[in-house]
Amino acid sequence: MPGMGGATVGERAHDDTGALRRTLSFRDLVVYGLLFIAPMAPVGIFGTLQATSHGAITAVYVVATVAMAFTAYSYAQMVRVVPKAGSVYAYARVGLGEGAGFVAGWMAMLDYLLIPAVAYLFSGIALHALVPQVHQWVWTAVAVVVTTLLNLWGVRTAAVVGFAVLALEIAVLVVFVVAAVWALAAHGAQRGWAVPLTGEGGFSLDAVLAAVSVAVLSYLGFDAIASFAEEASGGSRRVARAVVTCLVVAGVLFAVQTYLAALLAPMSAAELAARPGEQGAAFYTTVDSAVGGWLHDLVAVSKAIGAAFAALAGQAAAGRLLFAMARDRRLPGAMAKVDEGSGVPRRALLGAALVTLVAAVWAAARDDGLDRLSSIVNVGALSAFALLHASVIGWFRFRRQGAPPRVLRHVVVPLLGLAVVVAVVVEASPTAQIVGGVWLLVGLVVLAVQYARAGAGPSDA
């Protein structure tokens with residue numbers, strides 16, 4: 001590919017059982033990414049980040065955006081080399097070998113299957129709060145069914161509906177910004193204008209970095225854009241640009257809303273730290289005290305709808321990952337079929353939807369379901385990110401033929417991204433680390449069985 005010092009490997013021969021259609025525009029790709037992330041993702045963890053960062057929550061999101069930029073850059077590099085469905089699975093397969101590719105896909109599968117389950121659960125909880133006569137597991141199941149039908153209808157249909165939902169979420173965010181600015185003009189700020197950047201009582205780098213390890217999880221989902229590489233019109237460069245654009249837009253939205261909320265928050269960071277039970281509702285408490293209950297309800301409804309469609313984007317990405325792995329005979333071949341009418345991998349989507357439905361309904365029926373589910377969803381993504389960065393180095397430094405690698409672009413940047421990922425994994429909860437380790441071991445056993453059946457060892461892994 002021009003600019004990459006060699007041809008792409010996206011067109012290597014394989015046994016395709018179907019072809020995905022190139023129908024997604026640049027706007028569609030950004031919509032899928034922002035839907036998965038959710039424009040108001042900081043709402044749920046606002047109080048936690050305020051307490052952890054000693055009040056420097058906007059600085060946390062600025063640093064987190066920069067930290068995740070390394071991962072976005074690595075995605076942009078590899079999607080041009082491997083413009084195929086499968087995302088990090090395809091990249092690690094080319095950059096590190098067949099075995100590493102399977103491990104990357106296996107770990108990403110944990111992320112792509114469970115993050116939608118958490119989003120569906122958020123939607124079920126919010127709808128249950130609005131209509132308490134219906135149990136939250138029923139609302140959760142309804143959200144899964146509705147969004148699955150949209151995904152099965154076709155990627156363009158899902159993108160059009162998703163754009164409408166994203167526009168609604170952005171509109172609610174704009175209402176919040178306008179109302180917050182009005183409240184600041186009318187009543188003033190609760191603390192100094194620089195406090196969301198410097199913290200209360202002075203800037204603490206350790207506190208900010210500790211909060212960053214949580215905040216980066218708000219960005220999980222922008223990487224899903226790469227899963228649609230085979231369905232994007234305009235080539236892989238458009239996909240790469242969409243990945244970076246999505247991250248930048250999300251970073252700006254996160255910084256603006258947390259800055260305004262931090263200025264209006266009635267409780268200081270120290271008070272939130274002393275009252276952990278009030279951290280989860282801190283954003284809503286701020287909206288209630290500064291603006292009024294009407295905005296609280298508006299944000300809640302937006303979050304309910306937005307969470308379901310965040311899951312829609314995640315489910316679509318999961319379907320593409322399962323499709324790509326099945327096409328390469330790493331999963332049952334039945335999931336590599338593409339529906340002739342809709343042009344989507346119907347069986348892969350249904351498989352992803354079934355796993356997500358079981359996980360989401362199970363969690364919705366338990367009092368501690370959200371805590372249990374949310375504690376394990378991130379390790380898979382972070383492990384896949386680590387292999388993504390390693391793939392950039394592996395491909396450009398060792399496997400690509402032709403021009404030598406550019407040290408800054410192909411070695412330094414992915415190494416910095418790898419360091420960020422490792423730091424976040426170290427800060428993850430013990431439960432998440434254990435579940436991630438067990439999932440990895442199961443994947444290695446599956447890989448070993450596949451090699452044994454093929455009668456060959458992992459020579460290029």
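Which residues form a nonpolar patch on the surface? In this predicted model, the patch is made up of Leu130, Val131, Leu168, Val301 and Ile305.

**View 1. A nonpolar patch on the surface.** Val131 sits in the loop that runs between α5 (98-130) and α6 (136-153). With 32% relative accessibility, Val131 counts as partly exposed.

**View 2. Phe46 meets Phe283 edge-to-face.** A search of the whole structure turns up nine aromatic pairs. Here's one of them: the ring centres of Phe46 and Phe283 are 5.7 Å apart and the planes sit at 85 degrees, so we call the pair edge-to-face. This pair ties together distant parts of the chain, with Phe46 in helix α2 (residues 46-52) and Phe283 in helix α12 (residues 282-290), 237 residues apart. Phe46 and Phe283 are both buried. Ring pairs also bring in Phe176, linking Phe46, Phe176 and Phe283 into a cluster.

**View 3. Two arginines over aromatic rings.** Arg27 places its charged end over the ring of Phe163, 3.9 Å from the ring centre. Arg330 does likewise with Tyr451, its charged end sitting 5.5 Å from the centre of that ring.

**View 4. Val435 in helix α18 (residues 430-454).** Val435 is partly exposed, at 27% relative accessible area. Its C-alpha atom is 9.3 Å from that of Gly380, although Val435 and Gly380 are 55 residues apart along the chain.

How values were computed. Residues are numbered from 1 along each chain as its sequence is written. This is a predicted model: local features need pLDDT of at least 70, side-chain atom pairs count only at pLDDT 80 or more; totals for chains, interfaces and linings use all residues. Side-chain values use heavy atoms; hydrogens and water are left out. Patches are made of residues with over 30% relative accessible area and no salt bridge: like charges are joined within 9 Å, nonpolar side chains (Val, Leu, Ile, Met, Phe, Trp, Tyr) within 5 Å. Accessible areas come from the Shrake-Rupley method with a 1.4 Å probe; for residues, only the protein chains shown count as cover. A salt bridge is a side-chain nitrogen of Lys or Arg within 4 Å of a carboxyl oxygen of Asp or Glu. Helices (H or I, at least four residues) and strands (E, at least two) are DSSP runs, numbered from the N terminus. Buried means under 20% relative accessible area, exposed over 50%, partly exposed in between (1.4 Å probe, protein chains only). Rings of Phe, Tyr and Trp (its six-membered ring) pair if their centres lie within 6.5 Å; planes under 30 degrees apart count as stacked, over 60 as edge-to-face and the rest as tilted. A charge sits over a ring if NZ of Lys or CZ of Arg is within 6 Å of the ring centre and within 35 degrees of the ring normal.
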